[in-house]
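Subject: Structure handover

Hello,

The structure is below, for you to take over. My notes on what turned up in it follow.

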Amino acid sequence: MNICEQDIQKLDAFIEGAKEIVITAHIHPDGDAAGSTNALLCYLRSRGKDNVRIVYPEPLADTISFIAEGNDGSFILDAAASPEECRRAVSSADLIFCLDCNSFARTGPLEDAMRSSSARKVLIDHHLAPDSGAFDLVFSTPEVSSACELLYNVLLALPDVGGDVSRLPQPSAEALMAGMTTDTNNFSNSVYPSTFAMASGLLGAGVDRDGILQKLFNEYRENRLRMMGWLLYENMRITDAGVAYMIITSDTAERFGIMEGETEGFVNMPLAIGRVKMSILLKIDGNGYFRVSVRSKKGYSSNLCATRYFHGGGHENASGGRLFFPQDIPSPDEAAGYVERVTGELFKEEGYV
């Protein structure tokens, strides 16, 4: 991976001169956001930076909270639980890192504080269309699996690490492996040669990948499995064009007692069906919109679908967005019809059918 040496020198100087540091990520932080932020926090503390905080827009879901176990919880804040403390942390920071999101717009309730801060700002992200003008230093490439992979290479390039993975704090290494594993769906999508090089380096440094897989994929509550079966058998629909979609309403989430983060990965499952070219999962948020996840097979653009119809975007085969009501559809009951209409339009216009 080609990382500009001049940018690394600039980053190293930023870190060395910083007295108070804030690390943030996107709303609804996922495994990649958790992995990258916690890995960076642990690294910065290993450099003697005691006044560093992770400030999340929302708390980590229980399913990925283990990623933060390597760090003292007092260094991790979320705006939902302590909004004033988060704002104070941002306003007093002289260095801000934004990880796994291409703009402060994706930090939700933290956006205004982040934008108005006079701190130096560093972006480390793998999504398309970064808001480069908002940052003093940008590390951005979509040709990596995850923000964790990009951060891994940035950290290796810093002088004190010098390309030696074993010099990374062990909790940083563990967090990087966990985050990359979630964003690739355990190496099933968005994987590059550099991704395997990263995994090899981390394994060589003693990362317990088996332990990470156990926590990620084999410690779910029973509720999740029962809901998964119901979605696939009773809820999933497949259009004539080969678009599978599932809709999780508030009644469904309540019926199965689903908690935040427990539907992670559901959207990928319909792609196992031969005739399915794209899979869409809509989950009602309770604030007047559905959260939308879009996944697709090679040759079919999730990014185009999310950008054009769901106020979102992302990667070519893995994207997300939102569907608002009543702005986009009159009510949640109209979601199925909307999905069928817009995907039919997309597939016809792009020649997918």
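In this predicted model, six strands form an open sheet with parallel pairing, in the order β3-β2-β1-β4-β5-β6. At the edges are β3 (76–78) and β6 (137–140), each of which pairs on one side only. On average, neighbouring strands of the sheet are turned by 20 degrees against each other, direction ignored.

Strand β2 (residues 52–56) and β3 run parallel and are joined by three bridges. Ile 54 has Ile 76 in β3 as its bridge partner.

Two helices to look at with this sheet are α2 and α3. Helix α3 (residues 83–92) packs on the sheet and touches β1, β2, β3 and β4. The direction of α3 makes about 120 degrees with that of β3. Helix α2 (residues 31–46) lies across β1 (21–24), β2, β3 and β4 (95–99). Relative to β2, helix α2 runs at about 165 degrees.

Next, a helix pair. Helix α5 (residues 147–157) and α7 have axes that come within 10 Å and cross at roughly 65 degrees. The crossing of α5 past α7 is left-handed. On the α5 side, the contact involves Cys 148, Glu 149 and Tyr 152. These meet Ser 194, Thr 195, Ala 197, Met 198, Gly 201 and Leu 202 in α7. By class, the residues of this contact are five nonpolar, three polar and one charged.

As background, most peptide bonds are trans, and most residues other than glycine have a negative phi. The exceptions I noted are these:

- Phe 325 and Pro 326 are joined by a cis peptide bond, with omega about 10 degrees. Pro 326 sits in the loop between β12 (318–324) and α12 (335–349).
- His 28, a residue other than glycine, has a positive phi near 50 degrees. The loop between β1 and α2 holds His 28.
- Asn 186 is not a glycine either, yet its phi is positive, at about 60 degrees. Asn 186 belongs to the loop between α6 (170–183) and α7 (193–204).

Is Asn 186 buried, partly exposed or exposed? Its relative accessibility is 29%, so Asn 186 counts as partly exposed; the buried class ends under 20% and the exposed class starts over 50%.

That is the list as it stands.

Regards

Key. Residues are numbered from 1 along each chain as its sequence is written. This is a predicted model: local features need pLDDT of at least 70, side-chain atom pairs count only at pLDDT 80 or more; totals for chains, interfaces and linings use all residues. Side-chain values use heavy atoms; hydrogens and water are left out. Two strands pair if DSSP finds at least two bridges between them. Helices (H or I, at least four residues) and strands (E, at least two) are DSSP runs, numbered from the N terminus. Axes are lines fitted to C-alpha atoms, for helices over the stretch in contact, and angles run from 0 to 180 degrees between N-to-C directions. Contact means heavy atoms within 4.5 Å. Buried means under 20% relative accessible area, exposed over 50%, partly exposed in between (1.4 Å probe, protein chains only). A crossing is left-handed if the near helix is turned anticlockwise from the far one by less than a right angle, and right-handed if clockwise. Ala, Val, Leu, Ile, Met, Phe, Trp, Tyr, Cys and Pro count as nonpolar, Asp, Glu, Lys and Arg as charged, and the others, Gly among them, as polar.
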